[in-house]
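Okay, thanks everyone, I'll keep this short. Let me put the structure up, and then we'll walk through a few spots together.

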Amino acid sequence: MKSVIYTHKSINMLRETLLEKGCTFVIIDNNLQHIAENFAGFPVFCLKFSEQVKTLDTVAQIASWLLENGADRDALVVGIGGGITTDVTGFAASIYKRGVRFAFVPTTLLAQVDASIGGKNGVNFHSYKNILGTINQPQWIYICSDMLATLPEREFKAGIAEVLKTFMLFDKENYRKAVEFFAEVSRRYAARGGNGKPYGAVASEVDGGLLTEIIGKCAEYKCGVVERDEFERGERRLLNLGHTFAHSIEKLTGGEISHGYAVSMGMVIAAKVAVALGKADEAFVRGVEDDLRSVGLPAVLDECPATSHLRIADLADAVKKDKKVTGSGIHFILPKGIQDVEDIMLPLEKIKEIADGLR
Ligand SMILES: NC(=O)c1ccc[n+]([C@@H]2O[C@H](COP(=O)([O-])OP(=O)(O)OC[C@H]3O[C@@H](n4cnc5c(N)ncnc54)[C@H](O)[C@@H]3O)[C@@H](O)[C@H]2O)c1
Ligand SMILES: [Zn+2]
């Protein structure tokens, strides 16, 4: 099933058009109380926020709440928040009464361009991230750039990395446009010494229209990929650009680093691997590094306190434990240029050999 994506500046349209009286159940991140006001009259479950919330225990609490509130097979469960809220909501709705309808209002940049789209819903279990879950598409996703006005720097930048990844895969022109826009946001934010408005508000102030356009375009690309390859047998694997080494970085820093920062450095390492295989040139790597730095993301391990003790060679061992490893290799997405990437099967030994030679 294909999800319908609505892109609006404000949240007003949502209440008027998409919420169904009598069967809508709202699950909201409790850091978003100011948004919860828009749902007066509907049953609302507040998620006490933390990564610990992404558990089976939370799913059980949601199921109990749905039962207590009389949710039947016609229920529409609407998750409002970042990727944690949308992942948990999608999973709970997918198994409640063997599956009821669900929809999302993503409130982080990362969730608007990535996490809320594609139907991967799940929770963490033991020490494994997203190990229990379903692939099941939401009815609709309501993307509203106004939601980002309260988003702090770290969360906003996590989303920028996914935006640049998407455009690096599919769209040279928008890649350049996005780099220039986010670089201006970074300059404007830094000029205020970070003490003024939240990062998301500064982005809207620089050009709210362009921000909405960038988010809409990215969401459209991801949606298209998912429609053509829902179960990740081919094209969807491209979305993993930068993520193989990013996952190793996250593993070795024990959650100290944001996913977006790890993806940023992971994309540069992937470009270096492409150079080592003779598929890209050094100038391309330097260009990507400069772009990432200009938008305020770290390009190399040294630029981040949480990763400055690591070397690329250290990361290769952790790649072996990536859940996407099949046999003795992994599909690796090589960026050879902007809008020029290749999916290759890379033996783990080869990754280790290349990583040992990289700085
Ligand atoms: N399903 C997928 O395909 C997919 C893809 C990527 C990531 N994810 C998952 O997404 C999760 C990360 O999600 P995320 O980074 O979007 O955010 P999040 O849900 O982790 O939230 C991050 C923080 O931002 C706060 N927040 C959310 N919206 C806000 C707003 N508008 N203003 C101010 N603060 C706000 C939250 O309360 C929280 O403190 C991870 O669990 C990851 O596994 C899933
Ligand atoms: Zn990601």
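This is a predicted model: local features need pLDDT of at least 70, side-chain atom pairs count only at pLDDT 80 or more; totals for chains, interfaces and linings use all residues.

Where does H8 bend? At Asp 207, by about 110°. You can see that in the end-to-end distance too: H8 has 30 residues, yet its end C-alpha atoms sit only 34 Å apart, while a straight helix at 1.5 Å a residue would reach 44 Å.

Next, the zinc ion, ligand 2. Which residues are its protein donors? We've got Glu 162 through OE, plus His 243 and His 259, each through NE2, and they lie 1.9 to 2.1 Å from the zinc ion. Along the chain, the donor spacing reads E-x80-H-x15-H. His 243 belongs to helix H9, residues 243-252, and His 259 to helix H10, residues 259-276, so the two histidines tie together parts that are 16 residues apart in sequence.

Are those histidines buried or exposed? His 243 counts as buried, because its relative accessibility is 6% and the cut-off for buried is under 20%. His 259 comes out at 25%, so that one counts as partly exposed.

Last stop, a helix pair: H3, residues 56-68, and H4, residues 83-95. Their axes come within 10 Å and cross at roughly 60°, which means H3 is oblique to H4. As for handedness, H3 passes H4 in a right-handed crossing.

That's my tour, over to you.

Conventions: Residues are numbered from 1 along each chain as its sequence is written. Chains are lettered from A and ligands numbered from 1 in the order in which they are written. Side-chain values use heavy atoms; hydrogens and water are left out. Helices (H or I, at least four residues) and strands (E, at least two) are DSSP runs, numbered from the N terminus. The expected span of a helix is 1.5 Å times one less than its number of residues. The bend at a residue is the angle between axes fitted to the seven residues ending there and the seven starting there. Donors are N, O and S atoms within 2.8 Å of the metal (3.2 Å for Na, K and Ca); water is not among the atoms, so sites may look incomplete. Buried means under 20% relative accessible area, exposed over 50%, partly exposed in between (1.4 Å probe, protein chains only). Axes are lines fitted to C-alpha atoms, for helices over the stretch in contact, and angles run from 0 to 180 degrees between N-to-C directions. Angles under 35 degrees count as roughly parallel, over 145 as roughly antiparallel, 65 to 115 as roughly perpendicular and the rest as oblique. A crossing is left-handed if the near helix is turned anticlockwise from the far one by less than a right angle, and right-handed if clockwise.
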